[in-house]
Amino acid sequence: MHQSAIPIWKSSPFVRLLLPIISGILIQYNFSLELSIIVVALISFSLVLLLFRLLPLALQFKLQVIQGLAIIFLITVSAALFTYIVDDRNLDSWYGHSYSKDSYLVVKINEPVQEKTRSYKAEGVILDLIIGDSVIACSGKLLLYFEKDSGNKIPLQYGSKIIFKKSLQEISNSGNPGAFNYKRYSAFQHIFHQAFLKKNDWTILKGVDQIAFMQFIYETRGKVLNVLKEYIHGTNELAIGEALLIGYKADLDKDLVQAYSNTGVVHIIAISGLHLGIIYFILMKLFERIDFFKRQKLLTGITILVCLWLFSLITGGSASVLRSAVMFTCVVAGKSFDKKTSVYNSLAASAFLLLCYNPYYLWDVGFQLSYCAVISIVMFQRPILNLFYVKKWWLKQLWNLVAISLAAQILTFPICIFYFHQFPIVFLLSNIVAVPLSTGILIGEIILIAMAKIAFIAKYLGIIVTALIFVMNYLITFINSLPFAVYEGISFTILTTLVIYIALFCFINWLTSKASKGLIASLLCLAVLLVLNAFTKWKVHSQEKMIVYNVPKYSAMDFSEGNSYQFIGDSSLLTDGMLQNFHLKPGRIQNHFANQVATLNNLSISNNLIYYHGKKILWVSTHDWLPLEEKLKIDVIILSKNPRISIQQLNKTFECQTFVFDASNSLWKIVQWTEECEQLHLRCHSVSTQGAFIMD
């Protein structure tokens, strides 16, 4: 492994700038500093730098550490200020400061309307709030869901304006353990509320407010989709074709996406740097063959960048694509002016610019994986490639693909396991299959779009592309069906993930410098991991939990002893893999529930009464018992399926201080029960609004 003569932090100045900007973003997000504190800190560090410049040169040289620290702190505080500013809730114009239930909202549709199974969905930008006779200009975004009207297409487009008066619902999480933080995800998109509108709830206003460039992007995207729908046949083939070319995922089959995820090639259908790299390679090879472009380096660079950025915007501008676009911009600019730069500096520069544009990219999984993958490939592909000398051309290409796949996994696997709790054991095989096929498909689709006006050529191109996608889907599905395809149920904490990364970098340091300190440090990290693992196993061995999950319209409970668990609830959930994966599986992985059993040793059920480790739990779904002479003492009463019963009736029959209303109940019923509990001074927990109920 080659060791650079100049350390990365010296040859790549943007690496030094990136660390303080990340620190500033994290500080502001976690501690929510007041604007006054940030401004005072900004002025203070600016004054320190100014005063430093007034010192004699000899003294400046001696105290240059102070200058360096002042610059670092200034960048950190500037990042905190920018993070404060991009949070819409800190703006005086944000609608949330003035909105009330009696407000009328004037909203602009900010994107083409998407058709869902039971509704239409669109992102809206609030223009005005009308309160009485007052019109208040506002800013902010929200999600809109429109009721389907007898199959008729909704008369809305990008730029349409509507007015409605409807209570906004705050976006919330399911509250299940280990579940995806949808509330935070939406907040990072500057969306905090949503509204569900029936056909009589809203009125369309005259006029359309469109930005010409965005309308061009949406129209181009629509035309590309129409061409693909016309010439690519087969539901799954079309869905993969749409996702692979422009990142359109509305038609994707969830089971097929899971197969791509399980085999470690989901990046194929999630627009990423791979796609941009292929387009960049095609454009470079094309322009190298044209004499005019050979002589015009600057024009060639500008043309390539325009094509790359247009593709990035048409595909939706995800963090991973923007990272690639910015990085390729740095690379192309350097080539156009005959300048060579460190790839680490280009990566750090692109990350710096993207975080200045949107600090919330720091939490984007695609952003994190994208940078880890590229850094990993840059660091490890060449050393892995040099392990074997391959003479034949086709074997060399195959070994190169294997080297890239192996290299990319080294720094991405901890993050993948942390977020997705699984490791694709067959990632090498699936990448060898999927990468060449997807490259051919992408090139075929680009040619198909270019030749769409020539029908007979487009027809045969469509047949070829359809066949290639069919073969790729078949092979990925087959690989996924192998019994050893994926290792699931792995639970990494933030601490575990950090320790693994420290161990990796210490080991890399030992390989590059042969310094024994690196090896010792990596072995110490492994020892820490073993201790953490032993502590986790001890905690799991002694755990006894009851979890009432938030699964809309369903009753679902898990009772655990160690890593064994018993499910009690609606049997239909056991056959619905998607509902289990979304609502139940994350909590089971987080709590290390590994073995599902029919009956736990310390759990027994008699009618609706559950005895669990000395606790009595009453599960009420109907009112089918007779009044008792004496009150029966119960620890927890769980109400399901909207039983026609009041809390007062239950309180007369049972002595219980805790009532749980699961997600199978109607919201109006839960509100009624909650009010009764408050009047009787009883504890209650609504799973639908407060998240899963956990008794440990």
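**Aromatic pairs and ring contacts**

Tutor: Y419 is partly exposed, at 28% relative accessibility. The model is a predicted one.

Student: Why is Y419 called partly exposed?

Tutor: Buried needs under 20%, and exposed needs over 50%. Y419 has 28%, so Y419 counts as partly exposed. F418 is also in between, at 24%.

Student: How many aromatic pairs does a search of the whole structure find?

Tutor: The search finds 29.

Student: Why is the pair of W94 and F192 called edge-to-face?

Tutor: The ring centres are 5.6 Å apart, and the planes stand at 80°. A pair needs centres within 6.5 Å, and edge-to-face needs planes over 60 degrees apart. Both conditions hold, so W94 and F192 are an edge-to-face pair.

Student: What makes this a link between distant parts of the chain?

Tutor: W94 lies in the loop between α5 (64–86) and β1 (104–109), while F192 is in strand β8 (residues 191–197). They are 98 residues apart.

Student: Are W94 and F192 buried or exposed?

Tutor: W94 has a relative accessible area of 10%. For F192 the value is 11%. Each is under 20%, so both are buried.

Student: What makes F418 and Y419 an edge-to-face pair?

Tutor: Their ring centres are 5.1 Å apart, within 6.5 Å. Their planes are at 75°, over 60, so the pair is edge-to-face.

Student: Which residues form one aromatic cluster?

Tutor: Y29, F188, Y360 and W363 do.

Student: Where does K514 lie?

Tutor: K514 is over the face of W510, 5.6 Å from the ring centre. That value is within the 6 Å limit.

Technical notes: Residues are numbered from 1 along each chain as its sequence is written. This is a predicted model: local features need pLDDT of at least 70, side-chain atom pairs count only at pLDDT 80 or more; totals for chains, interfaces and linings use all residues. Side-chain values use heavy atoms; hydrogens and water are left out. Rings of Phe, Tyr and Trp (its six-membered ring) pair if their centres lie within 6.5 Å; planes under 30 degrees apart count as stacked, over 60 as edge-to-face and the rest as tilted. Helices (H or I, at least four residues) and strands (E, at least two) are DSSP runs, numbered from the N terminus. Buried means under 20% relative accessible area, exposed over 50%, partly exposed in between (1.4 Å probe, protein chains only). A charge sits over a ring if NZ of Lys or CZ of Arg is within 6 Å of the ring centre and within 35 degrees of the ring normal.
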